[in-house]
Amino acid sequence: MSANPKSVGAYDVERVWHDFPILAREVHDKPLVFLDSAASSQRPRQVIEAVDAYEKLHHANVHRGVHQLSQEATAMFEHARERVRGFVNAASTREVIFTRGTTESINLVAQSYARPRLKPGDEILLTALEHHANIVPWQMVAEQTGASIKVVPMDRRGVVSIDDFAAALTARTRIVACAHVSNALGTVLPVREITRLAHACGAVVLLDGAQAVPHQPVDLAKLDCDFYAFSAHKMYGPTGIGVLVGREALLESMPPWQGGGDMILTVSFEKTTYNELPFKFEAGTPNISGAVGLAAAIDYIDSLGVDKIHAHEQHLLAVATEKLSRVPGLTIIGTAPDKAAVISFTLDGIHPHDLGTILDAEGVAVRTGHHCAMPVMEFFGVPATARASFACYSRESDIDSLVRALARAREVFG
Ligand SMILES: Cc1ncc(COP(=O)(O)O)c(C=O)c1O
């Protein structure tokens, strides 16, 4: 259960690729080229084996048992919490709450932090490039409280400028909720500066880190935001588990948002007292094997070095941008100077869904659709895009396969 040593030496993508068993399979009799990691990344053998060992040897319910297995499961679950804390540099494990994922983390903040506080006239500030998970929970709480939603615009590159952000902040802004990295466009937002400005106005800041944590170092002490949300399945871990990190004083002041076992200290029919942080927000049996898998995923990322993963993916982004720009009729949507390794694009004369189907027949998995960011699609005047997204295991040869498959699509559509 101890952390892997930090990485040393050069980045060996072939070795990394071989850690992911699924990448060796074929689809439609073609080698799989997996370029859909922004939707959900694949898992390395190390994560699969850690979950397997937990299931085979250690499983029992956590926190309530004196027997050996329960103690072991509890130790592994709480070890995972400490791994998460260290990975994003949160101040304390009391600030690390396990949820089902980014979506649930944001809903928790909307319902437990925002709902009791917001009043008519208060403003929730979002940006134009948010995922639906960082729009809809705020619309729901706006409807419940009479608060209103304001949106900071972006430009045609997909950049949200600090000036526009500053102009949209008002004395009525209570909450700023913004992506750290856009899933649809790849834009990296200036979240440190956004947080500083928001705090100067007295607003609380939630950052949606779903697309940031797997791809770049994240230091919450430096970012200084109030809430930070992310999902394990985008960072080589299991589905069904994610994290909300919250500032302890704020979490202390918030009521639980779900009731049940584990989140209580005492219950009678007259009165219930709530458990301490972080358990107050973790009602019911948690996703124990998911937490074990998440800890193993963090060990895995650490063993490669998240800074090295970042450099590798930035190299792939540069190569892919250059090669895709030379494909006739291809338009890249999202050209911010500071981007993560996500490339949304359209190809003249071919609907993205048809394109996705042809690429799939060639073994190339890209995502097509609105990427849960319909306002982004509307802004760029497209119904959908195709999106290639890269991860620690992506290779330059994957880009060549994509370019070849795009040529095939152009042939088919003549
Ligand atoms: C930026 C962003 N936010 C939120 C989410 C929602 O994550 P989950 O479905 O894991 O809750 C995603 C998933 O695609 C995302 O990319």
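Biologist: Which residues does Val176 touch, not counting those up to four places away in sequence?

Modeller: Val176 touches Leu125, Phe165, Leu169, Ile194, Ala198, Ala203, Val204, Val205 and Leu206. Contact means heavy atoms within 4.5 Å.

Biologist: What sort of model is this, and what do the values use?

Modeller: It is a predicted model: local features need pLDDT of at least 70, side-chain atom pairs count only at pLDDT 80 or more, and totals for chains, interfaces and linings use all residues. Residues are numbered from 1 along each chain as its sequence is written, and side-chain values use heavy atoms, leaving out hydrogens and water.

Biologist: What makes Val176 stand out in the largest nonpolar core?

Modeller: That core has 82 residues, and Val176 and Tyr228 touch the most other members. Helix H10 (residues 288-304) gives the largest share, eleven residues. Another core, of 28 residues, lies apart from it and includes Leu330, Ile343, Leu355 and Ala409.

Biologist: What makes a set of residues a nonpolar core?

Modeller: Its members are buried Ala, Val, Leu, Ile, Met, Phe, Trp, Tyr and Cys residues, joined through side-chain atoms within 4.5 Å.

Biologist: Why is Thr99 called buried?

Modeller: Its relative accessible area is 6%. Buried means under 20%, exposed over 50%, partly exposed in between (1.4 Å probe, protein chains only). So Thr99 is buried.

Biologist: Where is Thr99, and which side chain does its own side chain make a polar contact with?

Modeller: Thr99 is in strand S4 (residues 96-99). Its side chain makes a polar contact with that of Ser105, at 2.9 Å. The cut-off is a pair of N or O atoms within 3.5 Å; within protein, one must be able to donate a hydrogen and the other to accept it, and residues adjacent in sequence count only if both atoms are side-chain atoms.

Biologist: How do you know which residues of helix H5 form a face?

Modeller: The buried residues of H5 (residues 136-145) are Pro137, Trp138, Val141, Ala142 and Thr145. Seen down the axis, they fall within an arc of 135°, so they line one face of the helix. The arc is that of the directions from the helix axis to the C-beta atoms.

Biologist: What do those residues pack against?

Modeller: They pack against helix H4 (102-117) and strands S5 (123-127), S6 (148-152), S7 (173-179) and S8 (204-208). Helices (H or I, at least four residues) and strands (E, at least two) are DSSP runs, numbered from the N terminus. Gly146 follows H5, with a positive phi near 85°.

Biologist: Which residues are around the ligand?

Modeller: Among them are Gly101, Thr102, Thr103, His131, Asn183, Asp208, Gln211, Ser231 and Lys234. Each has a heavy atom within 4 Å of the ligand. An oxygen atom of the ligand is 2.6 Å from a side-chain N or O atom of Thr103. For Gln211 the distance is 2.7 Å. A polar side-chain atom of Ser231 also lies 2.7 Å from a ligand oxygen. Alone, the ligand exposes 390 Å², and the protein buries 85% of that.

Biologist: Why does Ile350 count as buried?

Modeller: Ile350 has 7% relative accessibility, so it counts as buried. It sits in the loop between strand S14 (342-347) and helix H12 (352-361). Beyond neighbours within four places in sequence, Ile350 is in contact with Leu355, Ala409, Arg410 and Phe413.

Biologist: Why is Pro286 called buried?

Modeller: Pro286 has a relative accessible area of 17%, so it is buried. It is in the loop between strand S12 (272-274) and H10.

Key: Accessible areas come from the Shrake-Rupley method with a 1.4 Å probe; for residues, only the protein chains shown count as cover.
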